[in-house]
Amino acid sequence: YRGQMPARVVGITGSVGKTTTKEMLAQTLSAGFDVMKTAGSQNSQVGVPITICGLEPRHTAAVVEMGMSMPGEMGRIAPVVRPTCAVITHIGVAHIEGCKTRENILKEKLHIADYLPYTGALFVNGDDDLLSVLEDTAACRVIPYGLGEDCYWQAQDLREENGGTRFTCLSPQGWEQEVFVPAPGVHNVRNALACMAVACHLGMAGEAAAQAIADYTPPAMRQQILQAGGVTVIDDSYNASPDSMRSALDVLCSRPCEGRRFAVLADMLELGESAPQLHYQVGEQAAQSGVDLLLAWGELSQELVRGASEKG
């Protein structure tokens, strides 16, 4: 069925940031294409085929989220998606219980590129220690994006503004484009860079892509900012891993605040033998970041509380 559809398909994977990047990229490409995207987080061996079956001849682009938790899963969904180009957002420790090491997670996620065409490209977070060296070893064309000087697509001159970040996007061709991403955190700057890179790779103008990113609205429960009774609530409760917890704490503690900052955290699952240590480290960061009150729920979160307490 995929082979009958003419749409250009973008596959997205990573330990964190898949759904946010998928939503932002679908918003961006909608300025130039008739776009189909993965519904919610249907990124599994069941959800991905269902998503592909939603492609219609009228669609000119699709953004497909591709997840995995065990070895072999990406290799099974890659031939279903056969992406025109692909994005890897980050290699963290989410699902490390099944893959044992970050290196094994990378090896599994790289199967997203198995069916890239000759003209395709794999866009990777160049600020990630494992992804930054792929250009020398991968069998496909690798294009890094990020804040580092070695990234082909770079974000420079970051400025916080109206709950988001404005920055200068520098392309591999040397042209610059002002971009405003209406979502907090440096991680969303990287997500926006990925969107700029993919959109331009597919033929969109940089200015049109930037205008579309400025209209982005974060999906529910993913650092969604709400107001309630004079309190600002940052709802990031959809899922949790050590990396997403750290990003959430950074956002919480970097926002202007006239009162106190509360963090409400719970157990992170599928972390294997490293789970107690990883919870302890997140607790340490909560204390170091400047959280005033920590509320934690769950058996593993006892380590989270211990880490915060021992850091004062």
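**Exercise 1. Overall form**

How many helices and strands are there in the protein?

Solution. The model is a predicted one. Its protein has 10 helices and 13 strands. For 312 residues the globule rule gives 20 Å, and the radius of gyration is 19 Å, so the protein is as compact as a globular protein of that length. Along the principal axes, the C-alpha atoms fill a box of roughly 55 × 40 × 35 Å. Buried residues account for 49% of the 312 residues. Taking contacts between residues at least 6 apart in sequence, 62% join residues at least 24 apart.

**Exercise 2. Helix H6**

Solution. Step one is the length.

Step two is the burial. Of the 16 residues in H6, 12 are buried, so the helix is largely enclosed by the rest of the structure. Among them are Asn 188, Asn 191, Cys 195, Met 196 and Cys 200.

Step three is what comes after the helix. Gly 203 follows H6 and has a positive phi, near 105°.

**Exercise 3. Surroundings of Leu 131**

Locate Leu 131 relative to the strands, classify its accessibility and list its contacts.

Solution. Leu 131 belongs to the loop that runs between strand S5 (122-125) and strand S6 (142-146). Its relative accessible area is 1%. The cut-off for buried is under 20%, so Leu 131 is buried. Leaving out residues up to four places away in sequence, Leu 131 touches Ile 88, Thr 89, His 90, Ile 91, Leu 106, Val 124 and Asn 125. For Leu 110, which is 21 residues from Leu 131 along the chain, the separation of the two C-alpha atoms is 10.0 Å.

**Exercise 4. Aromatic rings**

Find the aromatic pair in the structure and give its geometry. Then find a charge placed over the ring of Tyr 238.

Solution. The structure contains 1 aromatic pair. Trp 153 and Trp 175 form it, with 5.6 Å from centre to centre and 80° between the planes. Planes over 60 degrees apart count as edge-to-face, and the pair is therefore edge-to-face. The two residues are 22 apart and link distant parts of the chain: Trp 153 is in strand S7 (residues 153-161), and Trp 175 is in the loop between strand S8 (164-170) and strand S9 (176-181). Trp 153 is buried at 5% relative accessibility, whereas Trp 175 is partly exposed at 30%.

For the charge, the residue is Arg 222. Its charged end sits over the ring of Tyr 238, 3.7 Å from the ring centre.

**Exercise 5. Cysteines**

Count the disulfides in the whole structure, and explain the result for Cys 151 and Cys 257.

Solution. The search finds 0 disulfides. A disulfide needs two cysteine sulfur atoms within 2.5 Å. For Cys 151, the closest cysteine sulfur is in Cys 169, 11 Å away, which is too far for a bond. For Cys 257, the closest is in Cys 253 at 9.0 Å, also too far for a bond. As for accessibility, Cys 151 is buried, with a relative accessible area of 6%, while Cys 257 is partly exposed at 36%.

Key
Residues numbered from 1 in each chain as written. Predicted model: local features only at pLDDT ≥ 70, side-chain atom pairs only at ≥ 80, totals over all residues. Heavy atoms only, no water. Helix = DSSP H or I, 4+ residues; strand = E, 2+ residues; numbered from the N terminus. Buried < 20%, exposed > 50% of the residue type's maximum accessible area, 1.4 Å probe, protein only. Contact = heavy atoms within 4.5 Å. Phe/Tyr/Trp six-rings, centres within 6.5 Å; stacked < 30°, edge-to-face > 60°. Lys NZ or Arg CZ within 6 Å of the ring centre and 35° of its normal. Rg over C-alpha atoms; globule rule 2.2 N^0.38 Å.
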